[in-house]
Amino acid sequence: MDAMARILVGTVEGIHEIEESGGRGPSRPGLPGEVTAVAPEADRLWAVVGGRAVWRTEGPDRWVHVADLEGVRATCLAATRAGVVVGTSEAHLVRVAGDGLELVGSFDEAPGRERWFTPWGGPPDTRSISDDGEAVYVNVHVGGILRTADRGQTWQPTLRIENDVHRVLARPGRLYAACARGLAVSPDGGGVWSFHDEGLHAPYCRAVAVCGDALLLSAAEGPSGRRTALYRGTLDGASLQRGGKGLPEFFDTHIDSLCLDALPGGELAAFGLRDGSVYASLDQGESWDLVTSGLPRINCVLTKEVA
């Protein structure tokens, strides 16, 4: 194969690159601070630095600063059919426009927005973004999942707010949501949902990924991350089974929403923990290796094929 897989790990001290075999490459130069989100766009990468600044790559190793957010904090980003969009605190969306950022005003008018909330009483945040090639899905915490099929002109709710979604993942033919009450799966872009918690030791789910024919899901006993485990099941969300060869029975911290990722073709899956450990699988989650440890605190993980 001419292409190889890499794991890009966003930490409090920049991005670190790890080969699928576990060899650690140099940290990627040019990002001055904590990386809280990283996303691919064809051969380009996008990143959020310090919760405020949006950066992108020009060529394989050169990062350039695009723009800074004002008044809010960036929480996630994705390259979508509606453009490169950034989710923020206070549940807004902004879009990269040339060398700047523009507010997606239609998202501020989304139906049901007045009911969005947080359990602790603060303002909700945009938490995750995904795209299946036909529509863009945005997860608000706590505000459910919003869908746009017209590149952000209009938005429709797809899942009850009370399900408390932590991660939305769109794949052709299925939409997934890791929720505080288990895994939600939709075969029709959010019109109809089925819920799954069978086999889970606890229903509080934080992250979800698709790796080939396998669905990967993290679950814990609650918001503290106590007794976190990784599960593997079929793509319909059924037959969830805990762990895989090489994993402990439980972790004492979350596999967080942006810290589990996989190549859809099944070549590589990886997740990171806040303690700086990264695990990888080359067999769709049946077995795992601890490929590195001792990194700075991990905020996000991205798997990517590189030439």
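The model is predicted, so local features need pLDDT of at least 70 and side-chain atom pairs count only at pLDDT 80 or more, while totals for chains, interfaces and linings use all residues. Residues are numbered from 1 along each chain as its sequence is written, and side-chain values use heavy atoms, with hydrogens and water left out.

In soluble globular proteins, nonpolar side chains tend to be buried together. A nonpolar core here is a set of buried Ala, Val, Leu, Ile, Met, Phe, Trp, Tyr and Cys residues joined through side-chain atoms within 4.5 Å, where buried means under 20% relative accessible area, exposed over 50%, and partly exposed in between (1.4 Å probe, protein chains only). The largest nonpolar core has 18 residues, of which L93, F107, W116, I129, V138, L146 and W155 touch the most other members. Strands β7 (74–80) and β12 each supply at least two residues of this core, and β12 gives the most, with three; strands are DSSP runs of E of at least two residues, helices are runs of H or I of at least four, and both are numbered from the N terminus. A second, separate core of 16 residues includes A178, V185, C205 and V208.

The whole structure holds one cavity of 30 Å³ or more, a cavity being a set of points on a 1 Å grid over the protein atoms alone where a 1.4 Å probe fits but cannot get out, with lining residues having an atom within 4 Å of a point. The largest cavity has a volume of about 40 Å³, counted as the space filled by probe spheres set on the points. Among the residues lining the largest cavity are L93, V138 and W155, and β9 (93–97) and β12 (136–141) each supply at least two lining residues.

Two loop residues complete the tour. T118 lies in the loop between α1 (105–108) and β11 (125–131), and T118 counts as buried because its relative accessibility is 6%. The side chain of T118 reaches the backbone oxygen of G122 at 2.5 Å. Beyond its neighbours within four places in sequence, T118 is in contact (heavy atoms within 4.5 Å) with P123, P124 and H141.

E90 sits in the loop between β8 (83–88) and β9, and its 38% relative accessibility makes E90 partly exposed. Not counting residues up to four places away in sequence, E90 touches G71, V72, R113, P123, P124 and D125.

Conventions:
Polar contact = N/O pair within 3.5 Å; in protein donor to acceptor, adjacent residues only side chain to side chain. 1 Å grid on protein atoms, 1.4 Å probe; cavity = no way out; pocket = protein on both sides within 12 Å on 5 of 7 lines; lining within 4 Å.
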